[in-house]
Amino acid sequence: MAALLLIGAVAACGAPDDKSSDDKGADQKIPAKPSKPVALDILDVAGNLQLTQGMIEEFRKEHPDIVSKVTYGKAPAPDLAGKIKAQQQAGRVQIDLVLTGTDGLAAGLSQNLWSDLAAHQDAIGSPDYLPPAADMAKLAQGKGQAIVYYPSGPLVEYDPDKVKSPPRTPQELLAWAKAHPKRYQYADPANSGPGRTWLMGLPYLLGDKDPNDPEHGWDKTWAYLKELDKYAAPYASGTTETMKNLASGQVDMIQSTTGWYINPRALGTVPKKMAVAHFDDMTWVTDAQYAVVPKGVSADVMSADLNLIKWILTPKQQAKAYDDGYFYPGPAVKDVPLSMAPAKSQQTIATYGNKDFDSWIDQFPKKPSLPAQQQVTAFDLWSRNVAGG
């Protein structure tokens, strides 16, 4: 999911005369609890609050000695780095915690905007991550904490009234698109989880030389996408646009993921009748969302952030990440079955999920998304050579 935090202004947070948290890591003394309850401003640039707001609110209610109030804000991921950097340069950081996908995480890493959470790992603990979630956690380079995970895609979602036999290989998809011009669509990979997993999953499906090297190892992928470009519908700016086009009948097949299949149908954005299929011999391209802390927050705010992140990663709270299927399954840690989820989540997934998802997740191998710089390279090459070719 575009991918996929909270924003507000707290007078005491990050003011120039505060003792602030920075990248000195262990040299920065962070109390086990704040000296007084803090008001947290959380910025969501990933849609993560759908999964975690209930966890955060319960933490606030149960720990009034740590958090007095939470203010939530949302912003597009491309705006995140500029917003944080401007506050840091002004010496007044007003965003206390960011919930972000790999896009915002990468942008902040490239500009060195995030505090070193690895230096405070004792306060967070050592989450018992699912192995693919542990791989995704490494992408944060110690500057963020993975808090939710899903296998993502690439999957195809389609109108069964129009597509009688869904493609099982990229070659079959290309043949279908050629026979049905402009009826297949995917979104700009830089702003779409399904678009990203399609782009990063193709090197595995096509047997490219090096799936981790978009510049020198994706010859088959770039050739395939240039050919597909001749028959695909115009690229959508984001995943929601593709879902609306599928719902309205403007297209008959789109790229999707487990969560994007379940959630828009549960919300009524997409008719329930839409179907989903996997490619033969696919490799899941996994995804995660992260909690990151901007450099410059006060020591008390950092303490509250660390306590909150630890809380979010407990199995009881992780069970809420099933939500309405937005990031299915959702939990990043082990031993959190659907039976632990709230009743509403269980009912939504029973009604709008796919009974085969869990077996598909077990059946096919999983690889993490590309690291930040390789993602930037892949998006740039796609923009220049596919969309702009």
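What radius of gyration does the chain have, and what would a compact globule with 389 residues have? The chain comes in at 21 Å, and a compact globule would be near 21 Å, so the two agree. Keep in mind that this is a predicted model.

**The chain as a whole**

Let's start with the overall picture. Along the principal axes, the C-alpha atoms of the chain fill a box of roughly 65 × 45 × 35 Å. Inside the chain you'll find 15 helices and 10 strands. Here are some values for the surface and the charges:

| Item | Value |
|---|---|
| Buried residues in the chain | 57% of the 389 residues |
| Accessible surface of the chain | about 15,100 Å² |
| Share of that surface from carbon and sulfur atoms | 50% |
| Positive side chains | 39 |
| Negative side chains | 44 |

As for where those charges sit, the centres of the positive and negative sets lie 3 Å apart.

**A look at K85**

Now let's zoom in on one residue. K85 belongs to helix α2, which covers residues 77-90.

Which residues does K85 touch, if you skip its neighbours within four places in sequence? K85 is in contact with Q111 and L113. With Q111 there is also a polar contact, side chain to side chain, at 3.4 Å.

A175 is another story: K85 and A175 are 90 residues apart along the chain, and their C-alpha atoms are separated by 47 Å.

Technical notes
Residues numbered from 1 in each chain as written. Predicted model: local features only at pLDDT ≥ 70, side-chain atom pairs only at ≥ 80, totals over all residues. Heavy atoms only, no water. Helix = DSSP H or I, 4+ residues; strand = E, 2+ residues; numbered from the N terminus. Rg over C-alpha atoms; globule rule 2.2 N^0.38 Å. Buried < 20%, exposed > 50% of the residue type's maximum accessible area, 1.4 Å probe, protein only. Areas by Shrake-Rupley, 256 points an atom, 1.4 Å probe, with all protein chains shown as cover. Lys, Arg positive; Asp, Glu negative; His and termini not counted. Charge placed at Lys NZ, Arg CZ, Asp CG, Glu CD. Contact = heavy atoms within 4.5 Å. Polar contact = N/O pair within 3.5 Å; in protein donor to acceptor, adjacent residues only side chain to side chain.
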